[in-house]
Amino acid sequence: MIAILDYGSGNLRSAQRAFATTGHEVVVTADREICRKSAGLVVPGVGAFRSCMKGLLAVGGDEIVRERLNKQQSTFGICIGMQIFFESGTETAQEFPGATPGLGIWKGSVDKLNAPVLPHMGWNTVSAPQNSLLFKGLEEESFYFVHSYAAKTESHKKIAWAEYGDRFIAAIEDEAFFATQFHPEKSGAAGLALIKNWTDSL
Amino acid sequence: MTLSIRIIPCLDVDSGRVVKGVNFTNLVDAGDPVEMASLYDREGADELTFLDISASSSGRDTTIDVVRRTADQVFIPLTVGGGIRSVKDVNALLRAGADKVSINTAALARPALIAEIADTFGSQVLVLSVDARRARTNSGFEVTTHGGRKGTDIDALEWVEKACELGVGEILLNSMDADGTRAGYDLGMIRAVRPKANVPLIASGGAGTMEDFAAALDAGADALLAASVFHFGIHRISDVKEYLSRSGYSVRMPSKR
């Protein structure tokens, strides 16, 4: 079973339907036991870094994610759901001075892209890492992005890079932890295939 | 690695049915929005837009159901516009499976609605639809309502600038002069609005020939919306994309999968 963590963020219906195309049972829930036991946990996220962290903490999602990290249980962050796996984010820094702390699973901060037109909205290609599990057979495909902030600093993890204004992290594979800055659930056939690549590994 | 231009077909939906000039031969039922959405997805549409033109509230409820059924089958971004007046309306559409909403009249009546929606759901869900025509305002472009029939005396460029400050995530620029003419997008209007918008700009109204699409991109559009040329089968989305790709634009070709 796959659980999609429900912490009050946006359109989860598409995510549920997209992950269900793999044949897995998919539930949208904040129930701690279900999230602990599911073969895969999806951490979605739309809106802003700060409000997402707030929502995550409100349902104890931080503890659920850390526990899955300790036990190396497969977990998949999408968009802001990926960003909050980093150390900090500077979105909404104008209203709330200083960066918002993230879960700190990965080093680095999530900062605004340097581009005249934001958000980075639409279909873009990525350069997938060698021996990628997520991008297997999908190296030439495009994926759907909607974001103004991104992680840009190199780390030792298996990274797919993309470019818009800056070079930024489009996806990460780190043992049991996976994440994409783009929305695979909105990336048509290529996105569904990427989701299947992940669920096949569960 | 470059962001692709987007081609967005727009479907007018009234009480759950696609209306206004749809002429397909390869569909069982050309009036079914879910079936048409799937077809456009297969032909390589980068996003879909539904414009709800239902007059009654029961018609609007039906649209929610259409959005739900479409989101169950089509996994590309879906924008819904028409008659959205409140944060509550937006919430209902997003929960049904819409990814973005477009607003027009309600934002003109009460610009604070833009900030309310952006603060609640993020700017990325909010498309501001600007129905503009040439008129004697400061910039020479005026915002209209009621499908271009009513003037507002609001300058289109000033409105776009203000809306970007209030937090819209995208501008859908409809030329009321060019709409339905198939004589080409209003390039002067796109060029005038482009520097005022720091968010993506979707051009709409007037698409006729292949060259029209390229010209609108050259004028500064990030995405191109069209209705009748696709509905009447004058161009297929895949043909437009192939043309643009050959002409050197970055285009997402339909997945090989």
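The radius of gyration used here is taken over C-alpha atoms, and the globule rule it is compared with is 2.2 Å times the number of residues to the power 0.38. For 202 residues a compact globule would have a value near 17 Å, and chain A, at 15 Å, agrees with this.

Before going on, a word on the model: it is predicted, with local features needing pLDDT of at least 70 and side-chain atom pairs counting only at pLDDT 80 or more, while totals for chains, interfaces and linings use all residues. Residues are numbered from 1 along each chain as its sequence is written, chains are lettered from A in the order in which they are written, and side-chain values use heavy atoms, leaving out hydrogens and water.

**Chain A**

The C-alpha trace of chain A spans about 40 × 40 × 30 Å along its principal axes. Its secondary structure comes to 6 helices and 13 strands (DSSP runs of H or I with at least four residues, and of E with at least two, numbered from the N terminus). Of the 202 residues in chain A, 61% are buried, meaning under 20% relative accessible area with a 1.4 Å probe, protein chains only.

| Item | Value |
|---|---|
| Residues of chain A in contact with chain B | 39 residues |
| Residues of chain B in contact with chain A | 35 residues |
| Area buried between chain A and chain B | about 2800 Å² |
| Salt bridges between chain A and chain B | 3 salt bridges |

Contact means heavy atoms within 4.5 Å, and buried area is the accessible area (1.4 Å probe) that two parts lose on being put together, summed over both. Carbon and sulfur atoms give 58% of the area buried between the two chains. On the side of chain A, Arg13(A), Met121(A) and Trp123(A) lose the most area to chain B, together 26% of what that side buries.

One salt bridge joins the side chains of Arg17(A) and Asp72(B), at 3.4 Å from N to O; the term stands for a side-chain nitrogen of Lys or Arg within 4 Å of a carboxyl oxygen of Asp or Glu. Among the elements of chain A that each supply at least two residues to the side touching chain B are α1 (12–20) and α6 (188–199). The largest share of that side, 6 residues, comes from β8(A).

**A helix of chain B**

Helix α1 of chain B (residues 33–42) is largely enclosed by the rest of the structure, because 7 of its 10 residues are buried. Among these are Pro33(B), Met36(B) and Tyr40(B). The cover over the buried residues of α1(B) includes α2 (57–73) and α10 (237–246) of chain B. After α1(B) comes Gly44(B), with a positive phi near 105°.

Technical notes:
Buried means under 20% relative accessible area, exposed over 50%, partly exposed in between (1.4 Å probe, protein chains only).
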